[in-house]
Amino acid sequence: SKQFNNLKTDTTYTIVVSYEYDLNDGEGVISNKLYKDIKTLTYTVPKVSVEATTSTRTDIDFEITISDPDKVGQLSYFELYIGEELIKTITDTTIRRIEGLEANTNYTIVVYYQYDLNDGNGLKYISSSTSYPTVSSMVSVSEIKVISNNTIKVGEEINLRIDFVNP
């Protein structure tokens, strides 16, 4: 029995068995070889998904789900966008809250997962993204004025002037 180590996945190897024998029939030693092709198994490509769960005016919380049955990868980094503009790259992959954001703004979080299937093709990346808005700032009413000059009757329209404080 022979065990081979450090083989690449999803690769065909040829095992050659060389042997010699002598039947003591006067023909001498006979040499022969047997060849057998064997393909190694393939690792499963990991899957990653990100989902924003809640937000405040300045923070977004999110969850990451990873499926990596062969344990061939790890979270690499996150990116935060407003529209197409990259706002920041986050290398601390343990965080699940992004803070210091602007209120009433839609952000996109992109999560990158790096993996190596040990197939000779090196590191690869997969990503997942989610978009989620921060909550708008509190708006308060500072004054309400009725601007209709007539006596208002049931069923008639009323005109109001509403002043807001919008920080």
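Reader: In which segment does Asp10 lie?

Author: This is a predicted model, in which local features need pLDDT of at least 70 and side-chain atom pairs count only at pLDDT 80 or more, while totals for chains, interfaces and linings use all residues. Residues are numbered from 1 along each chain as its sequence is written, and side-chain values use heavy atoms, with hydrogens and water left out. Strands here are DSSP runs of E with at least two residues, numbered from the N terminus, and Asp10 lies in the segment before strand S1 (12-21).

Reader: What is the phi of Lys71, and where is Lys71 found?

Author: Most residues other than glycine have a negative phi. Lys71 is found in the loop between S4 and S5, and its phi is positive although Lys71 is a residue other than glycine, with a value near 50 degrees.

Reader: Is Lys71 buried or exposed?

Author: Buried means under 20% relative accessible area, exposed over 50%, and partly exposed in between, with a 1.4 Å probe and protein chains only. The relative accessibility of Lys71 is 70%, so Lys71 counts as exposed.

Reader: Which residues touch the most other members of the largest nonpolar core?

Author: A nonpolar core is a set of buried Ala, Val, Leu, Ile, Met, Phe, Trp, Tyr and Cys residues joined through side-chain atoms within 4.5 Å. The largest such core has 20 residues, and those touching the most other members are Ile64 and Val111.

Reader: Which residues does Glu99 touch, leaving out those up to four places away in sequence?

Author: Glu99 lies in the loop between strand S7 (97-98) and S8. Contact means heavy atoms within 4.5 Å, and beyond four places in sequence Glu99 touches Thr58, Asp59 and Lys88.

Terms used
Helices (H or I, at least four residues) and strands (E, at least two) are DSSP runs, numbered from the N terminus.
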